[in-house]
Amino acid sequence: MTLEKILSDFKKIVSVDAFSGGRDGKVFFLSHYHSDHRPGLYEGWNKGQIVCSDLTGKFLRKLCKINGESVLTADENCWYDCFSDFEFCTHDANHCPGAYMFLFKYKHKKILHTGDFRLNKSIEKWLIQNKPYDYVIADDTYYSAKGIYDFPSQESCIKKAVRIACANKDKEIFIGIYTLGKEKLLCAVSEALSCPIYVPDKMRKCFKIQDLKYITSDKKITNIYAYGMGYFSSEWFFFNPDNHVVIIPTGWQGTFSYNEHYHYIPYSEHCSSNEFKRFLDIVLPAYVYGHVSKLMLAR
Ligand SMILES: [Zn+2]
């Protein structure tokens, strides 16, 4: 049977990060809880069963009101036999909390779906162990043949954020966040200053579900405040006083400081171009399809 025919059959029984048009017998997989990976999923959705991590399952049940019986949580690095000729395994994707990559074995072909991910040593080891691959659907957010989307490691960005926070520990420290993601940076800053971080009510839901002890709803007990990126508008930069410092983990290439108060750090939860090239070197000679570019990247 050709790979093309196997992929066509595979898509009839498996849906990854897509939830519209469900049909009987189809198994749904959710790589992580970011909203752009949940098209078609709505409160009370009930078209089948969703396989995901334990934490993503909690988000689904508590935030998306998905019936618990529809959520199947899979342990990391375990192979699961679903039905004849179909198995799957997961691995932490080093993206937002709860993010998984999925490896499927279907009709003797291996299909890897990375979801959003950032390559690290643990993923590299897992990918090498499970070689070879036949078809790969990959998060190519910052991949460019010219390698222009390059940025430093998460570890060095976290160190920089901690350095800025420690140098300004007597000021009010503001950090830009998403509702899900950037937790590692927040945790490091909180630990370095031995101080909790205030997060406003409407952004606290995902933090509460993760049970993160360094998050507080009490502004009076801290001088570190995390707000959504939209909070830091251009007016805010002009009109706020000098006794503060702002750290914005941008998620992409740009790294600059407006002045001593405003620091943009390229803290990303996706692969840089060079990391993605290393990923390609590992998974080749599989067919590699770019989930973001919608292009066949390699064979
Ligand atoms: Zn994501």
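Leaving out neighbours within four places in sequence, Phe232 is in contact with Gly176, Val246 and Ile248, where contact means that C-beta atoms, placed from the backbone, lie within 7 Å. The model is a predicted one: local features need pLDDT of at least 70, side-chain atom pairs count only at pLDDT 80 or more, and totals for chains, interfaces and linings use all residues. Residue numbers start from 1 along each chain as its sequence is written.

Phe232 sits in the loop between strand 13 (224-228) and helix 7 (234-239). Helices (H or I, at least four residues) and strands (E, at least two) are DSSP runs, numbered from the N terminus. Phe232 counts as partly exposed because 17 other C-beta atoms lie within 10 Å. On this scale a residue is buried if 20 or more other C-beta atoms lie within 10 Å of its own, exposed if 12 or fewer, and partly exposed in between, again with C-beta atoms placed from the backbone. The C-alpha atom of Phe232 is 23 Å from that of Asp36, and the two residues are 196 residues apart along the chain.

The chain as a whole is divided into domain 1 (3-146 + 272-298) and domain 2 (154-265), with bounds that come from an automatic or database domain assignment. Taken over C-alpha atoms, the centres of domain 1 and domain 2 are separated by 31 Å. Ten residues from domain 1 and eight residues from domain 2 take part in the contact.

An open sheet is formed by four strands in the order 1-2-3-4, with parallel pairing; two strands pair if DSSP finds at least two bridges between them. Strand 1 (14-16) and strand 4 (71-73) are the edge strands, each pairing on one side only. From one strand to the next, the twist averages 25°. Strand 2 (residues 27-29) and strand 3 (residues 49-52) run parallel and are joined by three bridges. Val27 has Gln49 in strand 3 as its bridge partner.

Helix 2 (residues 54-62) lies across strand 3 and strand 4, and runs at about 160° to strand 4. Such angles run from 0 to 180 degrees between N-to-C directions, and the axes are lines fitted to C-alpha atoms, for helices over the stretch in contact. The buried residues of helix 2 are Leu55, Thr56, Gly57, Phe59 and Leu60. Their cover includes strand 3, strand 4 and helix 6 (205-210).

Further along, strand 7 (residues 100-106) runs antiparallel to strand 8 (residues 109-113), and five bridges join them. Phe104 has Ile111 in strand 8 as its bridge partner. The hairpin of strand 7 and strand 8 has two residues between the strands, and Lys107 there takes a positive phi near 45°. Strand 8 is also joined by three bridges to strand 9 (residues 135-138), and these run parallel.

The largest nonpolar core has 69 residues, and those with the most contacts inside it are Ile50, Ala161 and Ile175. A nonpolar core is a set of buried Ala, Val, Leu, Ile, Met, Phe, Trp, Tyr and Cys residues joined through C-beta atoms within 7 Å. Strand 7 gives this core its largest share, five residues. The core lies between domain 1 and domain 2 because both give residues to it. Leaving aside neighbours within four places in sequence, the contacts of Ala161 are Leu185, Ala188, Val189, Ile247, Pro249 and Ile265.

How values were computed. Contact = placed C-beta atoms within 7 Å.
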